[in-house]
Structure formats: C-alpha cells, structure tokens
Amino acid sequence: MDYSIENQPLEQLETDCIIVGIYTNQNLSPTAIAIDSAAHQIISNLIERGDIKGKNSETLLVSLIPNSNIERILLVGLGDERKLSYKLYLKALNAAIKAIKNKNFTTVACTLAEIEVLGVDVSLRTRKIVETFNSELYQITANKSIQPPAISLAHLQIVVDTEWNTAANAGLQQGLAISEGIELTKYLSDLAGNICTPTYLAQQAINVAKSVDGLSVNVLEESEMEALGMGALLSVSRGSRQPAKLICLHYQGDDSNSKPIVLVGKGLTFDAGGISLKSSSGMDEMKYDMCGGAAVIGTLQAAAKLKLPLNIIGLVPASENLPDGDANKPGDVVTSMSGKTIEILNTDAEGRLILCDTLTYAERFDPEVVIDLATLTGACLVALGRVPSGLLGNDDALCDDLIQAADTAADSVWRLPLWEEYQEQLKSNFADIANIGGRDAGTITAACFLSRFTKDFRWAHLDIAGTAWKTGANKGATGRPVALLTQYLINCAQKQHG
Ligand code: BES
Ligand code: MN
Ligand code: ZN
C-alpha cells in the first residue's frame, strides 16, 4: 500500500471512500462541514434522521454522493468534541478502518488528521493514521499454501490543509518507518519455532542489515561466547541441539563519538522450560519468547530508516530452552561472564540467564543507557494483564523518558518498584545468587536478578510478557514495543541535536 499527503480542494479529490469525523450534538469536523454544504446537507440530514449520532466509534457508510468524484463517505463518530482524548481518537480511527477493511476499495481518503486532539499534533495524528492502517491490514501469509485474498486497498490519501503539509509529511515518514519496523517484528515473532531457530533469526538480522543503509551486524558463535566466559547464556543453549547466537546490530547515525544507546532483546526462539518443563497447554505460544529480540531488530531498522543522528547497538541473545540430557538441572551452579555464580533453581527462569551475560557484554560499548526488553515473567501478566508493558530500572530519568515516549506512542508502560527489600528473595545457599525469587513479586525479582548485572550503567527493563502477542482467536504478535522505543530514540535525537 502507498500513502500520500493530499491538499487539493474536496471537489478535485477522486477516491472510493472518504473517512470523515463527526461529533455528538450535531457538531461536524471541518471536512464534514465542507461536504455538507457542497452536497445538499447530506450529513446533517443523516444525523437528523437519527442514522448516526456521532458517538465514539460509531460508523456509517454512505454511497452515491451527487456531483462528486468521491464515491462514498464513511462517517465516523468521535463522541463529545470537548472530551476527545488521544485514546478515544485512536479508538475511532480503528473503528473507521475496520468498517472499510473488507469493502474492496482501492483508494481511501482519510481526513482524521484534521481532528484536534489535546496534546497530539498533526504530525503525530498523521503518523498514527499510517500505523493504524498498516497494522489493521497486516496479514499473516508465511507458510500458508492457500493465501488469504489480497487486500484491495492500494492507496491511502491523507487529506490535510496546505498549511500542515510539512508536519503531515514528517508524520508520514515516521509512520512508515515505525510501521515497517512493527511489521518486521510481527513477521519474525509469528514464525514457528522449528523455522525461526537462533541460526535463522541471526540470518534474518543479517538480511535486514544488508537491506538498510547504515546498519551492520556481526554474530557471535558459541565458541566466542565460550571465550568471553558467558557461562549462564551457554548453559541454556546446552539443552538444545540448536547452537546459540549472539546477534549484534550496529547503527552509526552520529559521526561524533557519542555514547551508544544499547537495546537488548530476549531471543528465546522456543521456551519449553527445560528440565523444569512447562505444562503443555498453550506451550505453542512460547515460540513468542523471542519477541524482545524481534522488536530490537525492528526498532533498529526503524531508526536506520529515519536516519536518526544517534549511535545505537542492538544485542539479541538467541537460544532455545529444551530438556535434553545435557540441559541445566535444578540445583546446577553456573558462572556468568561477570564472574558471579548462579544457582539455577528453576531451569524455566532462563531468560535472565541469557540476558545477564548479554548485559555484562553491553558494558564494553560504554553505553549512554541500556534498555532490555523481554517476555520475562508470567507474573507480569498476573500483575498488569495485557495492557501495559512492565517497566523497571535503576535510573529515574531514564524511566521517566520511557514513560513519556510510551504516552506519545500510545504503547503504554507501567513502572514497578525495584526496591532493595526485594533483593533478599534471590539469596542462595550455594552460589552468589539464585535464579528465582519464589512466588511473590515475580516480575520484580526477575528485574532484581538483572539489576545485579547492570550496576555500571543507566538501565531500564521492559517486561513485555503480556504485550508482545495476543492470545486466543486473534493469536498473533503485536510488534510492541517498537513504537515506544522508536519514539524514545526520536526524543533522544531531538534532545541531543535540538
Ligand atoms: N518466557 C517465560 C515467561 C512467560 C510465560 C512469558 C508466559 C509469557 C507468558 C519465562 O522464561 C519463564 O518461564 N518464566 C518463569 C519464571 C519462573 C520460573 C520464576 C515464569 O514466569 O513462570
Ligand atoms: Mn522460561
Ligand atoms: Zn522464557
């Protein structure tokens, strides 16, 4: 699908359908007013007849617009004009797209960028229109011998007043880069575990780096991890026939030697739990245990496409966690790259084992900040459900920056405390630290474990166990938190370069 910004007057617009907002109390958006006066009060009449009231997310498709190259109008309710929040705006946008999705239109014009939303400028509204269309129209096509019917929509015209052209274009460029990053993340995440192995994921990262300017990659093999002393990471992959890979993406967007932002993503391509085997129900979803890694690859692609003036490094430890004769056993003690010894009381708490060595490895880049993202704990689903990602960290300013980026990107996070009192739960009688902290506060103790390896830099952790994919009838990856991270990077670039 391609996207364009359109400024021509309505009478010159040719489209299969134009999406137009209306409010309750018969209030009309600027375009609705224009159409109404050009086409014999068509919209006011529909409202008067009670066919649509303007309630948020209500839609009405109207055909046959007299004397016009606009074939149809989709009216979409926005609710009370004074109470239109960002969330309600996005909800209505979603409803509008759902209403036209299966209608076989080739060209659609969207005028919702003109709608005023408190704290959301034209550029961000345009970006969200692109992102929402893209994600609503996303289709899973890999490994299906019968392909779903192709989406007919080929062209989206984003209609704005000429004065907003520059802002809308900036939003369009961001929207495209973020959408492509999300799409790549979803694609990789949805792949089956037998296809998307650590080796395959590494090859995908190599392909992405080849196709995008400014991005390069190197992949550490097990022998190199051995030489670095990554005993925790390697102990996990020992239980699998697939060799582990440590994918290192580099994006050099800033000529000056500014310190890099390091993103670390858990890339567990399948998590059966190991000897502490998971129960079988829903275990297929553990192919999604590499969503953090996929989101790192997607975010670096987005940053490179936006040519952000930053230096960014993406690290993705990739491994399987399976019960083999050589797998970790409960009670085993391993030595991490940091030198700290770890008692593995539960082999299913493997994410932190592959992450801790990667976090230690991150030190050598002298990072400005390190942000890791991981489908780390089922406890995060218990605490926060599937709405926000969990956020924890050792630096308030960094956490605040991430919260702000999350609000802008509409990719929410909720911060949990990382207090000293919780560290006690990780005591081990036989090693420096245990890899589990008991039943209580599982998301926090997992982050506590990671915090032992992040003392030397500003660090934040995103637990995306509840947000990286959807379960049930619409099972599929979400591409979160690519939008949040890209926003964070955009904000960093703005801060550094004004
Ligand atoms: N990948 C899982 C976490 C997970 C579970 C994410 C379900 C999403 C849905 C992780 O490796 C894991 O198994 N964690 C354990 C930790 C426990 C053994 C302390 C968990 O959450 O049960
Ligand atoms: Mn696990
Ligand atoms: Zn896992």
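View 1. With a relative accessible area of 1%, Thr269 is buried (buried means under 20% relative accessible area, exposed over 50% and partly exposed in between, with a 1.4 Å probe and protein chains only). This is a predicted model, in which local features need pLDDT of at least 70 and side-chain atom pairs count only at pLDDT 80 or more, while totals for chains, interfaces and linings use all residues. Residues are numbered from 1 along each chain as its sequence is written, chains are lettered from A and ligands numbered from 1 in the order in which they are written, and side-chain values use heavy atoms, with hydrogens and water left out. Thr269 sits in strand 10 (helices, H or I with at least four residues, and strands, E with at least two, are DSSP runs numbered from the N terminus). Setting aside neighbours within four places in sequence, the contacts of Thr269 include Gly193, Cys196, Leu201, Met286, Met290 and Glu320 (contact means heavy atoms within 4.5 Å).

**View 2. Met290 and its surroundings.** Met290 is buried, and its relative accessible area is 0%. Beyond neighbours within four places in sequence, Met290 is in contact with Leu188, Ser189, Cys196, Leu201, Lys266, Gly267, Leu268 and Thr269. For a sense of scale, Met290 and Leu484 are 194 residues apart in sequence and 18 Å apart in space, C-alpha to C-alpha.

**View 3. The largest nonpolar core.** This core holds 64 residues, and Leu201, Leu215, Ile297, Ile371, Leu462 and Tyr488 touch the most other members (a nonpolar core is a set of buried Ala, Val, Leu, Ile, Met, Phe, Trp, Tyr and Cys residues joined through side-chain atoms within 4.5 Å). Helix 14 (residues 482-497) supplies the largest share of this core, 9 residues. Apart from it lies another core, of 46 residues, among them Cys248, Ala362, Val370 and Phe457. As general background, nonpolar side chains tend to be buried together in soluble globular proteins.

View 4. Not counting residues up to four places away in sequence, Leu462 touches residues including Ile371, Leu373, Val413, Pro481, Leu484 and Leu485. Look next at Pro481, which lies in the loop between strand 20 (476-477) and helix 14. A cis peptide bond, with omega about 0 degrees, joins Arg480 and Pro481.

**View 5. Thr107 in strand 5.** Strand 5 covers residues 107-110 and includes Thr107. Because its relative accessibility is 18%, Thr107 counts as buried. Apart from neighbours within four places in sequence, Thr107 is in contact with Glu14, Thr15, Asp16, Cys17, Leu153, His155 and Gln157.

**View 6. Positive phi at Ser57 and Lys307.** Ser57 is not a glycine, yet its phi is positive, about 75 degrees. You will find Ser57 in the loop between helix 2 (42-48) and strand 3 (59-63). Lys307 is another residue other than glycine with a positive phi, near 50 degrees, and its place is the loop between helix 9 and strand 11 (311-321). Lys307 counts as exposed because its relative accessibility is 59%.
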